[in-house]
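Please keep the structure open while reading.

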Amino acid sequence: MIDAVLASLASSARPLLVCDVDEVILEFLDPFHAYLESVDHRLHPDSFRLHGNIRHVGGEAATAEAVEAFQEEFFRTQDKWQKPARNARETLERLSAGADIVLLTAMPPRHQGVRRALLDLFGFHFPMIATEEPKGPVVNQLISDRGVPAAFVDDIFTNLHSVRTHAPDCLLINLMANDIFRAMAPDPGERIHKAESWLEAELLIRGHFGQD
Ligand SMILES: [Mg+2]
């Protein structure tokens, strides 16, 4: 999958924007909560995590195995639940005039067919890589030796830290669609910019790409 994307970028001298999908260009937490309610569970924003915060409507916490099973079923039927994050499509459309865009999702690759169809339905016609490997080496490979400026947008700190390690010149932006969980997020760490919205992220990306 990555080979096809690398081939499409090989001769490009444009800046590169690598974007996560869940909670970045598609809503994840609100639709996942809607799915959980359909199976008599709720996601409680008690802390900045999923595990431990998913409980049966009767109050009993869901086991780790149950949470895994919920996530599996949610991703399998994601086209019933997920929708674009606010301003994501319009912003990527504008940025795509001057940059190559690649979607990098940590979802299990077995669900990539339904995700590709859903992204196309919403107008996100950008190449996508679905992998559960660490994101840093993948982003480094995408930049390769072309020497183009790069930016990476994700809601999960471990992914941002992985890219910080493996692609040190890449602009790092922490963006999360869900207002409640974003407000609870701890500091993302050194050299990671926190954006409250896609419009704020766009300004940071354009600055880094020299496209103000
Ligand atoms: Mg995400």
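One cavity of 30 Å³ or more is present in the structure. A cavity here is a set of points, on a 1 Å grid over the protein atoms alone, where a 1.4 Å probe fits but cannot get out; a pocket is an open set with protein on both sides within 12 Å along at least five of seven lines; and lining residues have an atom within 4 Å of a point. Grid points are joined across faces, edges and corners, and a volume is the space filled by probe spheres set on the points. The model is predicted: local features need pLDDT of at least 70, side-chain atom pairs count only at pLDDT 80 or more, and totals for chains, interfaces and linings use all residues. Residues are numbered from 1 along each chain as its sequence is written, and side-chain values use heavy atoms, with hydrogens and water left out.

The largest cavity holds about 30 Å³ of space. Its lining consists of Asn 174, Leu 175, Met 176, Arg 182, Ala 185, Lys 194 and Ala 195. Two or more of these residues come from each of β7 (171-175) and β8 (192-195), where helices (H or I, at least four residues) and strands (E, at least two) are DSSP runs numbered from the N terminus. By class, four lining residues are nonpolar, one is polar and two are charged; Ala, Val, Leu, Ile, Met, Phe, Trp, Tyr, Cys and Pro count as nonpolar, Asp, Glu, Lys and Arg as charged, and the others, Gly among them, as polar.

At least two of its lining residues are supplied by each of α2 (29-38) and α8 (179-184). The lining is made up of eight nonpolar, three polar and seven charged residues.

What is the volume of the largest pocket? The space in the largest pocket is about 790 Å³. It is lined by 28 residues, and those closest to its centre are Phe 28, Leu 50, Gln 71, Asp 155 and Ile 156. The elements giving two or more residues to this lining are α3 (64-76) and α7 (157-166), and α3 makes the largest contribution with four residues. Twelve of the lining residues are nonpolar, five polar and eleven charged. Domain 1 (2-27 + 83-209) and domain 2 (29-80) each provide at least three residues of the lining; these bounds come from an automatic or database domain assignment.

The magnesium ion is coordinated by Asp 20 (OD), Asp 22 (O) and Asp 155 (OD), at 2.0 to 2.3 Å. Donors are N, O and S atoms within 2.8 Å of the metal (3.2 Å for Na, K and Ca); water is not among the atoms, so sites may look incomplete. Along the chain the donors follow the spacing D-x1-D-x132-D. Asp 20 has a relative accessible area of 5% and is therefore buried, a term that means under 20% relative accessible area, with exposed over 50% and partly exposed in between (1.4 Å probe, protein chains only). Asp 22, at 10% relative accessibility, is buried as well.

Glu 23 lies in the loop between β1 and α2. Its phi is positive, about 75°, although Glu 23 is not a glycine. Glu 23 counts as buried because its relative accessibility is 3%. Arg 191, in the loop between α8 and β8, is not a glycine either, and has a positive phi of about 65°. With a relative accessible area of 41%, Arg 191 is partly exposed.

The whole structure contains ten aromatic pairs. Rings of Phe, Tyr and Trp (its six-membered ring) pair if their centres lie within 6.5 Å; planes under 30 degrees apart count as stacked, over 60 as edge-to-face and the rest as tilted. Phe 28 and Phe 74 form an edge-to-face pair, with 5.4 Å centre to centre and 85° between the planes. Phe 28 lies in the loop between β1 (16-19) and α2 and Phe 74 in helix α3, so this pair ties together parts that are 46 residues apart in sequence. Phe 28 and Phe 75 are stacked, because their ring centres are 6.0 Å apart and their planes at 25°. Phe 28 and Phe 75 are both buried.
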